[in-house]
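Take a moment to look over the sequence and the fold together. The paragraphs below walk through them step by step.

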Amino acid sequence: MAFIRETGDCLGVRWRAGGAHTAEGAQEWIEELVERLRSAGVRDITVRLDKGFFSRNMVRTLERLGVSFLLKVPRHGWLKGHRSNWRFSAKGEAIFPGEDLCTATGTLWGVRLLTVQTTRPAEEDGELALGDYEILRQADVLTNIGGIHALIAWRLYNKGAVVEQRIEEMV
């Protein structure tokens with residue numbers, strides 16, 4: 001779990017022992033860190049959490065603390081009912097050559113559910129099956145950041161992964 005300023009700089013990271021459950025003690029640690037940051041004069045705090053922290057209680061804690069957040073959502077079939085219709089992005093070809101880029105928005109637990117998906121037409125026996133497509137990538141992010149586009153939210157979420165890569169490089 002990492003706290004990231006608008007500049008993308010990491011202010012805090014907490015790693016637990018390999019045997020610890022992913023979210024064990026996370027809500028308490030977030031409360032302590034937010035209090036420490038606010039005592040130091042930091043007002044705008046953005047939290048990036050991976051899918052191991054996905055829970056209604058975590059969302060409620062983050063909302064109560066008044067921090068902005070990007071929370072990766074595990075792939076669950078039941079999320080389908082929380083999304084709007086898919087919208088194709090004209091930028092898809094430039095970002096993912098040979099693939100269609102789609103986004104969808106919705107609401108889960110009172111915050112925004114943003115989804116990014118890349119697809120391509122499915123082929124059966126060398127023929128294009130009408131209306132069928134293959135999902136190549138999909139990512140869901142919960143956020144309370146207003147007005148943010150799904151692709152921007154996903155890019156911001158991925159900025160936090162730099163911390164994980166740096167730690168792996170040190171090991």
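What follows moves from the overall layout to the cores, and then to single residues.

This is a predicted model. The protein has 171 residues, and 37% of them count as buried. It holds five helices and eight strands. Along the sequence, these elements follow the pattern β-β-α-β-α-β-β-α-β-β-β-α-α. Of the contacts in the protein with a separation of 6 or more, 53% are between residues 24 or more positions apart. The protein exposes about 10,200 Å². Carbon and sulfur atoms supply 48% of that area.

Now turn to the interior. In soluble globular proteins, nonpolar side chains tend to be buried together. Here, the largest nonpolar core has 24 residues. Ile30, Leu49, Leu62, Phe69, Leu71 and Leu142 have the most contacts inside this core. Several elements each supply at least two of its residues: helices H1 (26–39) and H2 (56–65), and strands S3 (46–49), S4 (68–73) and S7 (111–124). Helix H1 gives the largest share, six residues.

Leaving aside neighbours within four places in sequence, Leu142 is in contact with Phe54, Val59, Phe69, Leu70, Leu71, Val73, Leu108, Trp109, Val111, Arg112 and Leu113.

Which residues of H1 are buried? They are Ala26, Trp29, Ile30, Leu33, Val34 and Leu37. These residues cover an arc of only 130° around the axis, which puts them on the same side of H1. The spacing has a simple background. An α-helix has 3.6 residues a turn, so residues three or four places apart point the same way. The face of H1 turned away from the buried side carries the exposed residues Glu32, Glu35, Arg36 and Ser39. After H1 comes Gly41, with a positive phi near 95°.

Helix H4 (residues 150–159) can be read in a similar manner. Its buried residues are Ala150, Leu151, Ala153 and Tyr157. They cover an arc of only 160° around the axis, which puts them on the same side of H4.

Thr115 lies in strand S7. It is buried, with a relative accessible area of 0%. Not counting residues up to four places away in sequence, Thr115 touches Arg83, Trp86, Cys102, Thr103, Ala104, Gln138, Ala139, Asp140 and Ala150. Its side chain joins that of Asp140 in a polar contact of 2.4 Å. The C-alpha atoms of Thr115 and Thr105 are separated by 6.3 Å, with the two residues 10 apart along the chain.

Is Arg83 buried or exposed? It is buried, at a relative accessible area of 16%. The Arg83 side chain makes a polar contact with the side chain of Thr115, at 2.9 Å. It makes another with the side chain of Asp140, at 3.0 Å. Beyond residues up to four places away in sequence, Arg83 touches Ala104, Thr105, Gly106, Leu113, Thr115, Gln138 and Asp140.

Strand S7 also holds Thr118. This residue is buried, with a relative accessible area of 2%. Which side chain does Thr118 meet in a polar contact of 3.0 Å? It is the side chain of Glu99. Leaving out residues up to four places away in sequence, Thr118 touches Phe96, Glu99, Asp100, Leu101, Glu134, Ile135, Leu136 and Arg137.

Last, consider Trp109. It is found in the loop between strand S6 (100–108) and S7. Most residues other than glycine have a negative phi. Trp109 is not a glycine, yet its phi is positive, about 55°. Trp109 is also one of the residues in contact with Leu142.

Note on methods
Residues numbered from 1 in each chain as written. Predicted model: local features only at pLDDT ≥ 70, side-chain atom pairs only at ≥ 80, totals over all residues. Heavy atoms only, no water. Buried < 20%, exposed > 50% of the residue type's maximum accessible area, 1.4 Å probe, protein only. Helix = DSSP H or I, 4+ residues; strand = E, 2+ residues; numbered from the N terminus. Arc of directions from axis to C-beta. Contact = heavy atoms within 4.5 Å. Areas by Shrake-Rupley, 256 points an atom, 1.4 Å probe, with all protein chains shown as cover. Core = buried A, V, L, I, M, F, W, Y, C linked by side-chain atoms within 4.5 Å. Polar contact = N/O pair within 3.5 Å; in protein donor to acceptor, adjacent residues only side chain to side chain.
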